[in-house]
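Have a look at it first.

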Amino acid sequence: LFVNGVFFIFYKSREYIDIEKIKINFLVSGSLIVLIGILSSLYNYLNYFSYYYLGLNKFGIKSFASIDGNTWRGISPSAEAAGEYFAFSILFWIIVNKLMSSKISLFEGLLVIINLYGLLRSNNFAAAVSLAVLICIFYLNQSNLLTKVLLIRIFGPVS
């Protein structure tokens with residue numbers, strides 16, 4: 001019943017959902033996480049204000065450098081969650097741009113670069129590899145190459 005309810009709500013509301021706005025909001029949110037994280041790691045008073053006013057459950061990281069080769073999490077409670085968010089934002093941006101044939105604006109490009117920087121600094125290897133694999137699968141699926149290869153593997157070459 002839950003799955004049917006979700007599908008019902010999706011089909012009834014899909015004409016009111018603005019995917020372009022959601023795409024930009026994901027990128028802006030990720031960029032703000034990175035920028036506020038950088039500022040709060042450079043200035044201790046901003047670290048306290050971001051903790052207090054943003055309602056964080058723990059203080060942001062206090063230094064800009066990674067901790068002994070480990071990850072940099074900025075204001076996020078965990079670097080893994082931050083890396084997964086950045087990877088999802090980038091994947092969502094790529095899929096929406098490809099399916100809607102959108103032009104990439106300079107603002108979007110800057111936001112994607114900031115999200116990529118956040119993904120690299122979070123040092124989340126699993127999220128980065130998953131992003132690369134899903135992008136490859138998406139483009140292979142778009143070119144129908146994946147379908148052709150699977151059909152040949154299942155049914156053999158067609159003569």
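The questions below go from the overall fold to single residues and pairs.

Q: What kind of model is this, and how are its residues numbered?
A: It's a predicted model, where local features need pLDDT of at least 70, side-chain atom pairs count only at pLDDT 80 or more, and totals for chains, interfaces and linings use all residues. Residues are numbered from 1 along each chain as its sequence is written, and side-chain values use heavy atoms, with hydrogens and water left out.

Q: What makes up the secondary structure of the protein?
A: There are 7 helices and 0 strands, in the order α-α-α-α-α-α-α from the N terminus. Helices (H or I, at least four residues) and strands (E, at least two) are DSSP runs, numbered from the N terminus.

Q: Why does Ser31 count as buried?
A: Buried means under 20% relative accessible area, exposed over 50%, and partly exposed in between (1.4 Å probe, protein chains only). Ser31 has 3% relative accessibility, so it counts as buried. Ser31 sits in helix 2 (residues 19–42). Across the protein, 30% of the 159 residues count as buried.

Q: Which residues does Ser31 touch, leaving out those up to four places away in sequence?
A: Leu111, Ile114 and Asn115. Contact here means heavy atoms within 4.5 Å.

Q: How many salt bridges does the structure hold, and what is the cut-off?
A: It holds 2 salt bridges. The rule is a side-chain nitrogen of Lys or Arg within 4 Å of a carboxyl oxygen of Asp or Glu. Side chains of opposite charge can pair when their charged atoms come close.

Q: Why do Lys23 and its partners get that label?
A: Lys23 and Glu20 meet at 2.9 Å, N to O, and Glu108 and Lys23 meet at 3.3 Å, N to O. Both distances are within 4 Å, so both pairs are salt bridges. The pair of Glu108 in helix 5 (residues 106–122) and Lys23 in helix 2 links distant parts of the chain, 85 residues apart. Lys23 and Glu20, by contrast, both lie in helix 2, 3 residues apart, or about one turn of the helix. Glu20, Lys23 and Glu108 are linked in a network of salt bridges.

Q: Is Lys23 buried or exposed, and what about Glu20?
A: Lys23 has a relative accessible area of 1%, so it's buried. Glu20 comes in at 26%, so it counts as partly exposed. Glu108 is buried too.

Q: How many aromatic pairs are there, and why is Phe7 with Tyr11 called stacked?
A: There are 7 aromatic pairs. The Phe7 and Tyr11 ring centres are 6.4 Å apart and their planes are at 25 degrees, so the pair is stacked. The rule: rings of Phe, Tyr and Trp (its six-membered ring) pair if their centres lie within 6.5 Å, and planes under 30 degrees apart count as stacked, over 60 as edge-to-face and the rest as tilted. Phe7 and Tyr11 both lie in helix 1, 4 residues apart. Tyr11, at 48%, counts as partly exposed.

Q: Why is the pair of Phe26 and Tyr85 called tilted?
A: Their ring centres are 6.0 Å apart and their planes are at 50 degrees, so the pair is tilted. Phe26 lies in helix 2 and Tyr85 in helix 4 (residues 79–100), so the pair ties together parts that are 59 residues apart in sequence. Phe26, Tyr85, Phe86, Phe88 and Phe92 form one aromatic cluster.

Q: What does Ile19 touch, not counting residues up to four places away in sequence?
A: Phe92, Val96 and Met100. Ile19 and Phe92 are 73 residues apart in sequence and 9.9 Å apart in space, C-alpha to C-alpha. Ile19 has 29% relative accessibility, so it counts as partly exposed.
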